[in-house]
Amino acid sequence: MCPSPLSPIPYDHVRAVEWVEDALELIDQRKLPAVCERLRLTTLPACADAIRDMVVRGAPAIGITAAYAIVLSSSPCATNATSCWRRATITKNPRPAGVRP
């Protein structure tokens, strides 16, 4: 089992996606069930790679990961909002839904 390090709820022991301090932590679902490894992501491109490479799976977890990716990209965007947000929201070669690599 890969318990959540910050879970305050006694029955909530596993979280596939979790915000910890200033980064997003994901359970690498490609390695389950043999190994439970948590990946720490700190940039939007890293989150996009995790979605494309199927580190995170399932529509809700993918949506949450994408939302946190925007949060991770927001700090540098404070000074140059228009072009930075455009770059932050466009990813190249997204993984199509329902298609296995």
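User: What makes a residue count as buried here, and how much of the chain is buried?
Analyst: Buried means under 20% relative accessible area, exposed means over 50%, and partly exposed is in between, using a 1.4 Å probe and protein chains only. By that cut-off, buried residues make up 31% of the 101 residues in the chain. One caveat: this is a predicted model, where local features need pLDDT of at least 70, side-chain atom pairs count only at pLDDT 80 or more, and totals for chains, interfaces and linings use all residues. Residues are numbered from 1 along each chain as its sequence is written, and side-chain values use heavy atoms, leaving out hydrogens and water.

User: Why is glutamine 29 called buried?
Analyst: Its relative accessibility is 18%, so glutamine 29 counts as buried. Glutamine 29 sits in the loop between β2 and β3. Its side chain has a polar atom 3.5 Å from the backbone nitrogen of arginine 57; a polar contact is a pair of N or O atoms within 3.5 Å, where within protein one must be able to donate a hydrogen and the other to accept it, and residues adjacent in sequence count only if both atoms are side-chain atoms.

User: And threonine 65, buried or exposed?
Analyst: Buried, because its relative accessibility is 0%. Threonine 65 lies in helix α2, and a polar atom of its side chain is 2.8 Å from the backbone oxygen of alanine 61. Leaving aside neighbours within four places in sequence, the contacts of threonine 65 are Val17, Leu24, Leu26, Cys47, Ile51 and Val56, with contact meaning heavy atoms within 4.5 Å.

User: How do you know what counts as a helix or strand, and how many of each are there?
Analyst: They're DSSP runs numbered from the N terminus: helices are H or I with at least four residues, strands E with at least two. That gives three helices and three strands, running β-β-β-α-α-α from the N terminus on.

User: What makes β1 and β2 a pair?
Analyst: Two strands pair if DSSP finds at least two bridges between them. β1 and β2 (residues 23–27) have four bridges, in the antiparallel sense, so they meet that definition. Within this pairing, valine 17 stands opposite leucine 26 in β2. The hairpin of β1 and β2 has two residues between the strands, and glutamate 21 takes a positive phi near 55° there.

User: Why are β1 and β3 called edge strands?
Analyst: The sheet is open, with three strands in the order β1-β2-β3 and antiparallel pairing. β1 (17–20) and β3 (38–41) each pair on one side only.

User: What makes a set of residues a nonpolar core, and which residues have the most contacts inside the largest one?
Analyst: A nonpolar core is a set of buried Ala, Val, Leu, Ile, Met, Phe, Trp, Tyr and Cys residues joined through side-chain atoms within 4.5 Å. The largest has 13 residues, and those with the most contacts inside it are Val17, Leu24, Leu26, Leu41, Cys47, Ala50 and Val56. β2, α1 (44–52) and α2 (59–77) each supply at least two of its residues, and α1 gives the largest share, four residues. Not counting residues up to four places away in sequence, leucine 26 touches, among others, Val17, Leu41, Ala50, Val56 and Thr65.
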